[in-house]
Amino acid sequence: MYPVIRLVKEVIRHRNAPRLPLTGTHVAQHICWPWDIDPWMELNNGRTLTLYDLGRVVLFERIGIVPLMRENRWGGTIAGSSFRYRKRVRAFDRYELRTRMVGWDDKFFYAEQAMWRNGECCSHGLLRMAITDRNGLVRTAQVAAALDAAPESPPLPDWIRAWIAAEAERPWPPMQAEPAAREIAA
């Protein structure tokens with residue numbers, strides 16, 4: 001189940017936090033509760049992705065895009081992601097969730113998120129996000145202008161540009177094997 005109560009709590013907790021620039025970093029403290037864990041008594045990887053949602057929603061509030069989304073009937077979507085898990089987060093561990101917008105190209109915004117515990121990074125994610133309307137993607141320059149931000153992105157780090165290039169090489173639709181190969185695999 002989606003953690004609606006946690007989401008509301010986070011929005012209320014940070015409602016008076018200072019506004020952030022488009023590339024600002026939102027930082028929040030969390031606890032890994034028993035309903036977040038898997039059979040191995042650690043934070044479930046699916047729940048991790050859901051908890052990262054909380055950081056993005058509050059970041060969007062703090063950069064001022066949520067009122068614009070309501071006003072313009074825009075939506076938000078994740079268009080790609082890559083996550084790394086390095087350290088365990090166990091039941092009742094306290095951790096810090098950091099979320100920031102790194103930059104954008106003509107279609108997508110790129111954000112990174114990380115969970116930190118006791119000074120060590122536990123997991124890290126890179127996300128490609130889009131703002132949409134009923135006609136499809138809203139160009140990032142239009143969104144930036146609506147936020148009174150520069151339409152040009154800060155330079156994207158090499159590792160993000162390499163990820164974008166690698167994603168462009170992935171076939172779509174995926175898993176389009178020849179019929180004979182499918183029969184052999186079955």
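Student: How many cavities of 30 Å³ or more does the structure hold?

Tutor: In this predicted model, the structure holds 1 cavity of 30 Å³ or more, and the volume of the largest cavity is about 30 Å³.

Student: Which residues line the largest cavity, and how does its lining divide by class?

Tutor: The residues that line the largest cavity are L22, F60, I63, I65, M101, F109, I131, V143 and L147. Sorted by class, that lining has 9 nonpolar residues, with no polar and no charged ones.

Student: F60 and I63 belong to the contact of α2 with α3 as well, so to speak of the helices themselves: how are two packed helices described?

Tutor: The general idea is that two packed helices are described by the angle between their axes together with the distance between those axes. Here, the axes of helix α2 (residues 45-63) and helix α3 (residues 65-72) come within 5 Å and cross at roughly 85°, which makes α2 roughly perpendicular to α3, given that angles of 65 to 115 degrees count as such.

Student: Which residues meet where α2 and α3 are in contact?

Tutor: From α2, the residues V57, F60, E61 and I63 meet I65, V66, M69 and R70 of α3. By class, this contact of α2 with α3 has 6 nonpolar residues, no polar residues and 2 charged residues.

Student: What is the volume of the largest pocket, and which residues are the closest to its centre?

Tutor: The largest pocket has a volume of about 310 Å³, and of the 16 residues that line this pocket, D53, R56, V57, F60 and M69 are the closest to its centre. F60 therefore has a place in the lining of the largest cavity as well as in that of the largest pocket.

Student: Which elements each supply at least two residues of the pocket lining, and which one gives the largest share?

Tutor: At least two residues of the lining of the largest pocket are supplied by each of α2, α3, β2 (75-85) and β5, and the largest share, 5 residues, comes from α2. The residues of this lining divide into 10 nonpolar, 2 polar and 4 charged.

Student: Strand β5 also holds R128; does R128 count as buried or exposed?

Tutor: R128, which lies in strand β5 (residues 120-133), counts as buried because its relative accessibility is 10%, and buried means under 20%. Leaving aside residues up to four places away in sequence, R128 touches T77, I78, A79, G80, F108, F109, Y110, W163 and E167, and one of these, F109, also lines the largest cavity.

Technical notes: Residues numbered from 1 in each chain as written. Predicted model: local features only at pLDDT ≥ 70, side-chain atom pairs only at ≥ 80, totals over all residues. Heavy atoms only, no water. 1 Å grid on protein atoms, 1.4 Å probe; cavity = no way out; pocket = protein on both sides within 12 Å on 5 of 7 lines; lining within 4 Å. Points joined across faces, edges and corners; volume = space filled by probe spheres on them. Nonpolar A, V, L, I, M, F, W, Y, C, P; charged D, E, K, R; others polar. Helix = DSSP H or I, 4+ residues; strand = E, 2+ residues; numbered from the N terminus. Buried < 20%, exposed > 50% of the residue type's maximum accessible area, 1.4 Å probe, protein only. Contact = heavy atoms within 4.5 Å. Axes fitted to C-alpha atoms, helices over the stretch in contact; angles between N-to-C directions. Parallel < 35°, antiparallel > 145°, perpendicular 65-115°, else oblique.
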